[in-house]
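Hi,

Here is the structure I promised to hand over. Have a look at it first, and my notes follow below.

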Amino acid sequence: MDKNLQIANYLMLKSISIRNISLYHGKTGILLALYLFSHQEEKENIKEYAWDLLQDIHKDINETLPLGLEYGLAGIGLGMTLLKSHGIIDCDLNDLLYDIDQQIMMYDPRRFTDFSFRNGALGIKHYIEQRLVVEQELLSFDTFYLKELQQALVKNSLDQNEA
């Protein structure tokens, strides 16, 4: 059996027992790996499993998740954005990620204390930038929030493009 297929099978089995839905440590990361593998190798059964996993992730998104890329909402959103950028899913990200984006905007960027890439404001900014690359029109974030996030990053001298 092909080594990559063995890995995909392992990930499918492992995903059953994982409760974490995050990008770095959970089901969203597994989802990305399975979708990319199924797309590359044209494995319809793995693609179908990944679709079911996507549905599980979507139903487990809630307001208690952190914001960041590593464990939270921005990571899940980035995962979906990457799938769209590779042509694996065909959807309007503004619709698909509306609830995630609304939950992120509930946190005032002027009050952020974590500006790291993995769990803080830089990761959220990266997620938003990737969304703009994939879909030019970002309707699920309001411009006021985006400006305040940018200002918070500049104020804390962490935005490499503006600082």
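A quick word on terms: helices (H or I, at least four residues) and strands (E, at least two) are DSSP runs, numbered from the N terminus. With that in hand, the chain reads α-α-α-α-α-α-α-α along the sequence, with 8 helices and 0 strands. Its radius of gyration is 16 Å, close to the 15 Å that the globule rule gives for 163 residues, so the chain is as compact as a globular protein of that length. That radius is taken over C-alpha atoms, and the rule is 2.2 Å times the number of residues to the power 0.38.

Before you dig in: this is a predicted model, where local features need pLDDT of at least 70 and side-chain atom pairs count only at pLDDT 80 or more, while totals for chains, interfaces and linings use all residues. Residues are numbered from 1 along each chain as its sequence is written, and side-chain values use heavy atoms, with hydrogens and water left out.

**Whole chain**

The C-alpha trace spans about 55 × 30 × 30 Å along its principal axes. Of the 163 residues, 45% count as buried (under 20% relative accessible area; exposed is over 50%, partly exposed in between; 1.4 Å probe, protein chains only). Take the contacts (heavy atoms within 4.5 Å) between residues at least 6 apart in sequence: 62% of them join residues at least 24 apart.

**Helix 4**

This one covers residues 73-85, and its end C-alpha atoms are 18 Å apart, which agrees with the 18 Å that its 13 residues should span at 1.5 Å a residue. The expected span is 1.5 Å times one less than the number of residues. Helix 4 is mostly covered, with 11 of its 13 residues buried. Among them are Leu73, Ile76, Leu78, Met80 and Leu83, and Lys84 is on the buried list too. What do the buried residues of helix 4 pack against? Their partners are helix 2, helix 3, helix 5 (93-96), helix 6 (98-105) and helix 7 (121-134). Just after helix 4, Gly87 has a positive phi of about 75 degrees.

**Glu42**

Have a look at the loop between helix 2 (27-41) and helix 3 (44-60), where Glu42 is found. Most residues other than glycine have a negative phi. The phi of Glu42, however, is positive, near 55 degrees. Is Glu42 buried or exposed? It counts as exposed, because its relative accessibility is 71%.

Over to you!
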